[in-house]
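Hi,

Here is the structure I said I would pass on. Have a look at it first, and then read my notes below.

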Amino acid sequence: MDLKLKLKLRPSFFFFSFLIFIFLLQKPDFGSASTPKCISTEGQALLTFKQSLTDPSGRFSSWSGPDCCKWRGVFCDRKTSHVIKIDLRNPNQTLKTFEQYGEYKEGSLGGKIHPSLTRLKFLSYLDLSSNDFNFTEIPQFIGRMVSLRYLNLSCSSFSGEVPASLGNLSKLESLDLYAQSFIDNDEAPVSFTLRASSLGWLSGLSSSLAYLKMGFVSLSGAGETWLEDFSRLSKLRELHLSNCELKNLPLYLPSSANLKLLEVLDLSQNSLSSPIPNWIFDLTSLRKLFLQFAYLQGSIPSGFKNLKLLETLDLSHSQLRGEIPAALGDLPQLKYLDLSVTYLQGQIHSFLDAFSRNKGNSLVYLNLQSNSFNGTLPESLGALRSLQILELSSNSFTGSLPASVGNMSSLKKLDLSYNSMNGTIPESLGKLEELVDLNLMANKWEGVLLKSHFINLRSLKTFTLTGEPNRSVVFKVPSTWVPPFRLEQIIIENCQIGPSFPMWLQVQNKLNSVTLRNNGIADKIPHSWFSGIASHVTDLILTNNRIKGTLPQNLVFPNLYTVDLSSNNFEGPFPRWTTNATNIYLYQNNLSGPLPLNIGALMPRMGWLYLFDNSFTGEIPSSLCEVTELYNLNLRNNRFSGSFPKCWHDSSQLFTIDASENNISGEIPESLCDLRDLTFLHLNQNAFEGNIPNMFPNCYDIQHIDLSGNNISGVIPTEILDLSYLRILNLSRNSIEGSIPGKVSNVGRLETLDLSRNKLSGAIPQSLAAISSLHTLNLSFNKLAGRIPKNLKFKDPSIYVGNELLCGKPLPKKCPRKQS
């Protein structure tokens, strides 16, 4: 669990007190040495309750035998033997991903809750949370279980109206009805299936209830008096109403309100659409306030200075505007402050200066990301000596990182990404021994980074730094220096690291994500570095350097998703790596030799294979046909020869094929017609021969066809006219004969048509003029004859030159009168 979540969920004082109460329920009465034995009537009530439930995982397997006090989830008073506690929460309740849904579901009880529970007259604790009661209603009879002090029905798929009979539980201290259920998408019903249209029943709990959680219970029908109803709970210490469809936040509390003991207030994820009301500042016992995603408006009031005990304040994802008041920096107990994703603006000097005056400040988490803050970061930032998480990304901060950052000895995460920082990074950064995550990307940093910047960063796991393309940040770290950290993720872009591949990078053998882009590295990378990270790396990006040497062979990359070694000087053969990588970019290198015949088996999950601008030779392996997830194949400008694979089939998802500028010969395979998703086909500048195959009726989404610069003969197939999405057709520099099809206007989206340097004859179809989208036309150097249609909008003579039998404007040759 990350630090943010730990801070937000840290139990309050009340919660600790309640844990003591639960503990005492289970402890023996020291005045008696007897072991409790089940009262038979209560055991029978439990068995009746069990019989009405479903239990797919066998959680009731221990519910047999005469002594119910030994049954799993049942606790008895050691003195009286009465059942006082039932805890049947789902043991798999912490499994919260959809991949774990089956295991969670297996641990869920279901069925119906039997009224036999009302026979347990001394039951004070009932927990049925995180089960699946299939959107049945909460039973009314629970209101007759008047000894209950703790009731938890959360996350158990209840629906309907919250029964008003719960107001009869006059001893109840803790009530949890949180209604978000963990169910899969197929079974998900309409949201907010549990609702409370009236809250009058709360008055029955006014003298006992200390903890109330009703998140995801719809209160949209409770009217404008909802706050007044809750405010009568005079013993209330925690009130959780997140995502309850509340639409208004009253600006005033009624005179009868009594929330002086309230320590936790959660109104998050409601459409409150109102300013922060002043009555909140009368809740002087408040320790935690959650108002995120509540569409708050206006500015942050200075009244927060009254909340001297406040530890957690979350106003994120709101419509708040203006500057951060200095009053927030004066709160002596504040540990967690989240003001991210709002419309706050201005500088943060006065806010941080207040913290620097507050010598005992204990702020641990500060999130100001995604706002409109500007100006420089003040030296007072260094006064936050307890701060562990500092999120300042996506603002407009400028200048240098203040040297005082070296005083923030507890800092674990610093995120300054996506700002306009245009100064230097101080050497004092190297003092932060606890720093784990350093993100300085997407800024305009300048200056030099020395060994001293990193000397004590022994905890560093993630390092991200990007600068301007001119590489205004220069690493001047000794080439043989071994750092104290072993990174798991590194992203450095547009910074001068090279020309060598330094030792501080070579020793990073725990990397799972690597991006070193445009760093001026012109060295060889040891094969041992690749093999050292192969087992765990997911992204390997070394693009736009001048890295030379060969790539290691026969490595296994089980977790690799993207490999981008493009725009370097790698040489030698294609890397025979076994990987499920989706993105394989090796373009613009000096790689040579044939591709592995079994490339489809080595890399069966590749979706993008970019090998253009290399010197690969030999035939294109037919095993590529079996890579059904291959989406984009680019082999342009190599030395491939032989025939093009003929094994394509309709299970392929190929969208783009570019094999242009090679030496491929033979006929264009008809199996290309089985590629129903094919949109871009570029086979130009090869040595293809024969006719254009009758492949196009199946390729109805195709937009670009470029077969120029080959030895293709025959006629233009009329099926091309059925390609309604075709935008570019280039058949130039071939030996195509016959006439231009008369119904060419059927291709209504055509933008470019190049039929130049063929052997086409006959007249130019009048229908060409009907293609309004056509903006580029070339019919030059054919055997076309007759008058150029007057309604053609193209008046450049070069479009028609080289056709001796053409006449009419824009050519100088006039047509005979009989053709007028």
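This is a predicted model: local features need pLDDT of at least 70, side-chain atom pairs count only at pLDDT 80 or more; totals for chains, interfaces and linings use all residues.

Let's start with the helix. H6 covers residues 349-357, and its buried residues are Phe 351, Leu 352, Ala 354 and Phe 355. If you look down the axis of H6, those buried residues fall within an arc of 150 degrees, so they line one face of the helix. As for what covers them, the list includes two strands, E17 (336-338) and E19 (365-367).

Next, the sheet. It is an open one made of three strands, in the order E25-E27-E29, and the pairing is parallel. E25 (447-450) and E29 (495-496) stand at the edges with a single partner strand each, so one side of each has no neighbour in the sheet. As a reminder, strands of a sheet pair through backbone hydrogen bonds, either parallel or antiparallel.

Now for the two loop residues. Ser 566 sits in the loop between strand E34 (562-564) and strand E35 (569-572). Is Ser 566 buried or exposed? It is buried, because its relative accessible area is 0%, and the cut-off for buried is under 20%. The side chain of Ser 566 has a polar contact of 2.6 Å with the side chain of Asp 564, and another, at 3.5 Å, with the side chain of Tyr 587. Leaving aside residues up to four places away in sequence, Ser 566 touches Leu 542, Thr 543 and Asn 544, along with Tyr 585, Leu 586, Tyr 587, Gln 588 and Asn 589.

Arg 733 is also a loop residue, found between strand E49 (728-730) and strand E50 (752-754). Arg 733 is partly exposed, with a relative accessible area of 40%. Its side chain joins that of Ser 708 in a polar contact of 3.5 Å. Again not counting residues up to four places away in sequence, the residues that Arg 733 touches include Gln 685, Gly 709, Asn 710 and Arg 757. To get a sense of scale, pick out Ser 380 as well: its C-alpha atom is separated from that of Arg 733 by 71 Å, and the two residues are 353 residues apart along the chain.

Cheers

Methods:
Residues are numbered from 1 along each chain as its sequence is written. Side-chain values use heavy atoms; hydrogens and water are left out. Buried means under 20% relative accessible area, exposed over 50%, partly exposed in between (1.4 Å probe, protein chains only). Helices (H or I, at least four residues) and strands (E, at least two) are DSSP runs, numbered from the N terminus. The arc is that of the directions from the helix axis to the C-beta atoms. Contact means heavy atoms within 4.5 Å. Two strands pair if DSSP finds at least two bridges between them. A polar contact is a pair of N or O atoms within 3.5 Å; within protein, one must be able to donate a hydrogen and the other to accept it, and residues adjacent in sequence count only if both atoms are side-chain atoms.
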